[in-house]
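Work through the exercises below with the sequence and the model at hand. Each task is followed by its solution in steps.

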Amino acid sequence: HCPFQPNPKKFGKDAQDPLPPDESKKLDLKGIRKVQQIVGSLLFYARAIDNIILPALSTIASTQANATEQTLEQCEQLLDYCATHPTATVRFRASDMVLNIHSDASYLSATRARSQVAGYYFLGSEPTDDAPIKLNGAILVFCGILRFVVASAAEAELGALFLNCKEGKIQRLILEELGHKQPPTPVHCDNATATGIANDT
């Protein structure tokens, strides 16, 4: 019940190895068009309702111009997931209309030694120390692959922070134009090194 085939878990020094290259047979033009149609038809649904499939769509979209049999297998697994879970929903709750961003990265989880990044943008309240963060339905979910190769998980997290804060600036402007004054935007990150660099340097 996963929209994409999970990478095998590795520990220790093996966790630093990039994914092996896709050496499966290239698809013909008809196969490439099929992959592009699948990505195009699911993209709006993923952005609007079922953001769980965005990482899979991002991975497939990055290879769709030179799609292979492995890309087609990824598409079939994604379609199987969508058929198995057809009733995705988003629930919004009343809030203080304060933009919150959750930023994350996955180191060496994309082909060619690249890393995946993501951001979850929602309207909530200003966080308080030692209190759980009250989540809300997403107003935007950002999902992508860093174009450059990074040397560590902390660098991947910093790249994700940069991209999410850049997009967050646009969301702040929109909210302020709608009359919702914004305090400094809380950005949540789970990497202590990246957080330390962002806050203390």
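**Exercise 1.** Which residues of the largest nonpolar core touch the most other members?

Step 1. A nonpolar core is a set of buried Ala, Val, Leu, Ile, Met, Phe, Trp, Tyr and Cys residues joined through side-chain atoms within 4.5 Å. Buried means under 20% relative accessible area, exposed over 50%, and partly exposed in between (1.4 Å probe, protein chains only).

Step 2. The core has 20 residues, and Leu27, Val35, Leu42, Ile53, Leu57, Ile60 and Leu78 touch the most other members.

Step 3. Two or more residues each come from helix H1 (29-48), helix H2 (54-63), helix H3 (69-84) and strand E3 (138-145). H1 gives the most, six residues. Helices (H or I, at least four residues) and strands (E, at least two) are DSSP runs, numbered from the N terminus.

The model is predicted: local features need pLDDT of at least 70, side-chain atom pairs count only at pLDDT 80 or more, and totals for chains, interfaces and linings use all residues. Residues are numbered from 1 along each chain as its sequence is written, and side-chain values use heavy atoms, with hydrogens and water left out.

**Exercise 2.** Find what the buried residues of H2 pack against.

Step 1. Leu54, Ala56, Leu57, Ser58 and Ile60 are the buried residues of H2.

Step 2. Their packing partners are H1, H3 and E3. Contact means heavy atoms within 4.5 Å.

Step 3. Leu57 touches Val39, Leu42, Leu43, Ala46 and Leu78, leaving aside residues up to four places away in sequence.

**Exercise 3.** Is Phe122 buried or exposed?

Phe122 counts as buried because its relative accessibility is 0%.
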